[in-house]
Amino acid sequence: MHFGVLRVLNDDKIAGGMGFGAHPHDNMEIITIPLEGQLLHKDNMGNEGEVLVAGDVQVMSAGTGVVHSESGCFPTNKTCLRATGKSR
């Protein structure tokens with residue numbers, strides 16, 4: 001059986017003030033598209049406080065490794081579409 005490069009396609013519901021704590025990725029590309037609300041992004045490459053708003057598209061190349069976190073900025077629910085694919 002052969003799988004393509006797309007590993008994950010998530011439609012995440014994120015409660016305000018909640019989210020994904022710091023976690024690692026490597027050898028993949030991560031695309032995040034907030035569909036509503038705002039997300040706060042931080043990573044170990046010095047990107048702190050980047051706010052993604054509905055309609056933004058963030059493309060993150062994990063390469064040899066990145067640790068990042070994302071959380072909802074305000075006390076309302078957020079919807080986020082995330083695609084993760086293997087680096088070539």
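Predicted model: local features only at pLDDT ≥ 70, side-chain atom pairs only at ≥ 80, totals over all residues.
## A tour of an eight-strand chain

Colour by secondary structure and follow the sequence, and the pattern reads β-β-β-β-β-β-β-β.

Colour by burial next: of the 88 residues, 30% count as buried. Then display contacts between residues at least 6 apart in sequence; 76% of these join residues at least 24 apart.

Now select N27. Where does N27 sit? N27 is found in the loop between β2, residues 19-25, and β3, residues 28-36. Check its backbone torsions: phi of N27 is about 55 degrees, a positive value, although N27 is not a glycine. Most residues other than glycine have a negative phi. With the surface still on, N27 shows as partly exposed, at a relative accessible area of 44%.

Move along to T32, which is found in strand β3. Is T32 buried or exposed? The relative accessibility of T32 is 0%, and buried means under 20%, so T32 counts as buried.

How far apart are T32 and D56 in sequence and in space? The two are 24 residues apart in sequence, while a distance drawn from C-alpha to C-alpha reads 8.1 Å.

Technical notes: Residues numbered from 1 in each chain as written. Heavy atoms only, no water. Helix = DSSP H or I, 4+ residues; strand = E, 2+ residues; numbered from the N terminus. Buried < 20%, exposed > 50% of the residue type's maximum accessible area, 1.4 Å probe, protein only. Contact = heavy atoms within 4.5 Å.
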